[in-house]
Amino acid sequence: MKPEPTGGMNASDHDADRNDTVHPLACAFNAKWLWPMKAVIGHARLQDPAHFPLGHIGVEPAKEGGVFISVFSGQAMAVIHDPDGTASEALTLDLPDAAFDSCRPQDPVRMTSCGWAFAYRLPEWTQPGKALFRESGVMIFPKMAPPDWHADAEEGQDFLPLLFHQTASHSNHLMPGHDYRISRGILHDWRRLITNWMADSFEGDEAHFNPQIPALLAGFLDVMSPFEMPGIKHWLRRKGPNVMTVAGHPEFIGLWMPMREPGPEDAPAEFNNIPARFLNEVTSHG
């Protein structure tokens, strides 16, 4: 007689268990995107440290290949498509501040000679390359190994040096800015915001400007209201100067210039509509 399976399970039950095996959580993408995320996340912590300290970065597979990386602050969001990225599923990353700092762009070395000025970019082994996130920890690699790495590493020459590495925290309570964790799911929904924008749910007109220009006035806000963010209004004009006023501070007015609008024949495709890779995600999700 054929022996009965133990534990009241038959062969089909064992097959089902194998199919239900949970895959390890993992993702990877170009580490250059990490540094600008720090400002968005820092803003979120300042605005609502009690209710929104974690869960700002989402990584998910893109149907056309690669991954979508999104960072959310409650008042601002950025979504990036990395065609070379990978993700096991939709994931949330909580990262220590040191991980962002390790990806900060390196300023070129500036030199002078006989009245001439020169700028030289630092070599690629000083610049962030790939960021790899696993359940065990996070690793950020340089674009290439230092020239003398193989000579110095000897038996470890098969391993690249790391710009940053930290093991994952298994505590139920993470310390924002210090601990690392990767988890399932994404808290924010960038597709819904694009859907609402396409449905004209938001009022407003288009404006062309360099975001670094109005940011130049941020220091005045610190002087006028050092302990809380005052109400701010920007009076936008396409061709004339834009005017910034601050609630409760009639002693101040800021003016900043918009960018020159391209002509119809020079307008890039990104100025006519949201890039197709993001629109396709919205339509595919209903």
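Modeller: Please note that this is a predicted model. Cys-114 has a relative accessibility of 79%. Exposed means over 50%, so Cys-114 counts as exposed.

Colleague: Is Cys-27 buried or exposed?

Modeller: The relative accessibility of Cys-27 is 2%. The limit for buried is under 20%, and Cys-27 therefore counts as buried.

Colleague: How many disulfides does a search of the whole structure find?

Modeller: A disulfide requires a pair of cysteine sulfur atoms within 2.5 Å. With that criterion, the number found in a search of the whole structure is zero.

Colleague: Why is strand S2 largely enclosed by the rest of the structure?

Modeller: Strand S2 covers residues 57-61. It is largely enclosed because, of its five residues, the number buried is four.

Colleague: What is the bridge partner of Val-59 in S6?

Modeller: Strand S6 spans residues 91-94 and is antiparallel to S2, with three bridges joining them. Within S6, the partner of Val-59 is Leu-91.

Colleague: How many Å apart in space are Val-243 and Met-257, C-alpha to C-alpha?

Modeller: Val-243 belongs to strand S14 (residues 242-246). Its contacts, not counting residues up to four places away in sequence, include Trp-235 and Leu-255. Val-243 and Met-257 are 14 residues apart in sequence, and their C-alpha to C-alpha distance is 8.8 Å.

Methods: Residues are numbered from 1 along each chain as its sequence is written. This is a predicted model: local features need pLDDT of at least 70, side-chain atom pairs count only at pLDDT 80 or more; totals for chains, interfaces and linings use all residues. Side-chain values use heavy atoms; hydrogens and water are left out. Buried means under 20% relative accessible area, exposed over 50%, partly exposed in between (1.4 Å probe, protein chains only). Helices (H or I, at least four residues) and strands (E, at least two) are DSSP runs, numbered from the N terminus. Two strands pair if DSSP finds at least two bridges between them. Contact means heavy atoms within 4.5 Å.
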